[in-house]
Each structure stands twice: as C-alpha cells, then as structure tokens.
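Please keep the sequence and the model in view while reading.

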Amino acid sequence: MQNRLKGTESVLHFAPEKSLTGWLRSRVANYISCDLNPGVADQVVDIQDIPFPDKSFDIIWCSHVLEHVPDDRKAMREIHRVLRDGGTALIQIPVWHEVTDEDPSIIDKQERIRRFYQADHVRLYGDDVDIRLKEAGFSVRTVRPHHFEPEIVFRNQIAQPGNYEIFLCTK
C-alpha cells in the first residue's frame, strides 16, 4: 500500500464523513466505519458500548458525535478502552461556552433546539471538555481548524460556523 498512514494498521471511524472514508480506507489495512443508524457505515455500533476488544485500533476518528450521546463520559472511556497504547483518537466537537451545559431531563425537541441549538443534541460543550477527556485516561492536545490550510479544512469538513475544535487524545 503505497500511501499508507505510517505506523497505522487499524482505524475506527464513527459517523463516517464521505470525504474521509475512501481516503482512510485506501491507507490502512483495517478500516471500520460505524454509526448508530443502520445503512450508514460498515457496522452499527453504539459508541457507549463499543463491541471490539481492548486495544484494537491505532486511530479513532470521532467527529460531531459526542454532543449527541446520552452518556458521553462512558463513550470517552470506551474510545480509550479500544485504542491501542500510543494510539490517537481525533475527537471533534463544538465548544460554545466556558462550562459544558447539559440536562438529560430535557426531551422536548423545541427546548433542546433552544438550549443546545439542535433537537438531537443533549449538551453544549464548554472549555471544560478536555477535563472529561483526561478523566477518561487520555493525554489531550487541542487543535483549532485555523491551524490547517483552508483547502484541507473545506475538503475534510473539519470546521463549520461556530467554535469547532479537534482534540487529539493519546493513550
């Protein structure tokens, strides 16, 4: 494989972006895409209960998922569990405030839109999200989309209006 990602044998990709799926699949020996909804990816997987053995993946890509997940802390621990030692999880989420705003008792769609900007969001993350990721066991480095060339940002859909950050989480 000529353009293989150096040192990468396996990638787990949640809510796979079409712009990245082909590129990743062509560069690693073991690429698995997964989503909670059937027909969207290779496998149906709940990120809160990942059905793979410990230390299965070199890279985990998880973009715009955790703001939808009822128990994000459990999901973060699961990502950490299936990531190999020395591996990296690339987690992109919108960060809107200083402190994360969440209330699992809100089930009304209009109230979720008002409070969390989308009916399927269960929280708005704050700058404290890195604490949650560290509590899951990760070392965390934050990268902002403006650190990349504009063409890369556009092609890979790594930025949208708002404050979207990429957390490079290593184990």
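A residue is called buried when its relative accessible area is under 20%, exposed when that value is over 50%, and partly exposed in between. The structure is a predicted model. By this criterion, both Phe-52 and Phe-57 are buried.

The structure holds 2 aromatic pairs. In the pair formed by Phe-52 and Phe-57, the ring centres are 5.2 Å apart and the planes stand at 85 degrees, so the arrangement is edge-to-face. Trp-96 and Tyr-117 also form an edge-to-face pair, with 5.0 Å from centre to centre and 80 degrees between the planes. This pair links distant parts of the chain, since Trp-96 belongs to strand β5 (residues 83-97) and Tyr-117 to the loop between α3 and β7, 21 residues apart. Trp-96 has a relative accessible area of 33% and is therefore partly exposed. Tyr-117, at 43%, is likewise partly exposed.

After α3 comes Tyr-117, which has a positive phi, near 75 degrees. The loop between α3 and β7 (123-126) also contains His-121. With a relative accessible area of 5%, His-121 is buried. A polar atom of the His-121 side chain lies 3.1 Å from the backbone oxygen of Phe-116. Apart from neighbours within four places in sequence, His-121 is in contact with Glu-67, His-68, Arg-112 and Phe-116.

Another histidine, His-80, is located in helix α2 (residues 72-82). Its relative accessible area is 18%, and because the limit for burial is 20%, His-80 counts as buried. When residues up to four places away in sequence are set aside, His-80 touches Ala-136, Gly-137, Phe-138 and Lys-171.

Which residues of helix α1 (residues 18-25) are buried? They include Leu-20, Thr-21 and Leu-24. These residues cover an arc of only 110 degrees around the axis, which means that they lie on the same side of α1. An α-helix has 3.6 residues a turn, so residues three or four places apart point the same way. The buried residues of α1 pack against β1 (10-14), β2 (30-35) and β4 (57-63).

The nonpolar interior can be considered next. In soluble globular proteins, nonpolar side chains tend to be buried together. Here the largest nonpolar core has 30 residues, and those with the most contacts inside it are Leu-12, Phe-14, Ile-47 and Leu-66. The elements that contribute two or more residues to this core are β1, β2, β4, α2, β5, α4 (129-135) and β9 (164-170). The largest share of the core, 5 residues, is supplied by β5. Ile-47 touches Phe-14, Cys-62, Val-65, Leu-66, Val-69, Ala-75, Glu-78 and Ile-79, not counting residues up to four places away in sequence. A second, separate core of 11 residues includes Leu-24, Val-28, Tyr-31 and Leu-168.

Charged side chains complete the description. Side chains of opposite charge can pair when their charged atoms come close. The whole structure contains 14 salt bridges. In one of them, Asp-54 and Arg-81 meet with an N to O distance of 2.8 Å. Arg-81 is partly exposed, with a relative accessible area of 22%.

Arg-123 takes part in a salt bridge with Asp-72, at 3.5 Å from N to O. Because Arg-123 lies in strand β7 and Asp-72 in helix α2, the pair ties together parts that are 51 residues apart in sequence. Arg-123 is buried at a relative accessible area of 1%, and Asp-72 is buried at 2%. Arg-123 also forms a salt bridge with Glu-102, whose closest N and O atoms are 2.8 Å apart. That pair links strand β7 to strand β6 (residues 101-102), where Glu-102 is found, 21 residues apart. Glu-102 is partly exposed, with a relative accessible area of 28%. Asp-72, Glu-102, Arg-123 and Arg-132 are linked in a network of salt bridges.

Conventions:
Residues are numbered from 1 along each chain as its sequence is written. This is a predicted model: local features need pLDDT of at least 70, side-chain atom pairs count only at pLDDT 80 or more; totals for chains, interfaces and linings use all residues. Side-chain values use heavy atoms; hydrogens and water are left out. Helices (H or I, at least four residues) and strands (E, at least two) are DSSP runs, numbered from the N terminus. Buried means under 20% relative accessible area, exposed over 50%, partly exposed in between (1.4 Å probe, protein chains only). Contact means heavy atoms within 4.5 Å. A polar contact is a pair of N or O atoms within 3.5 Å; within protein, one must be able to donate a hydrogen and the other to accept it, and residues adjacent in sequence count only if both atoms are side-chain atoms. Rings of Phe, Tyr and Trp (its six-membered ring) pair if their centres lie within 6.5 Å; planes under 30 degrees apart count as stacked, over 60 as edge-to-face and the rest as tilted. The arc is that of the directions from the helix axis to the C-beta atoms. A nonpolar core is a set of buried Ala, Val, Leu, Ile, Met, Phe, Trp, Tyr and Cys residues joined through side-chain atoms within 4.5 Å. A salt bridge is a side-chain nitrogen of Lys or Arg within 4 Å of a carboxyl oxygen of Asp or Glu.
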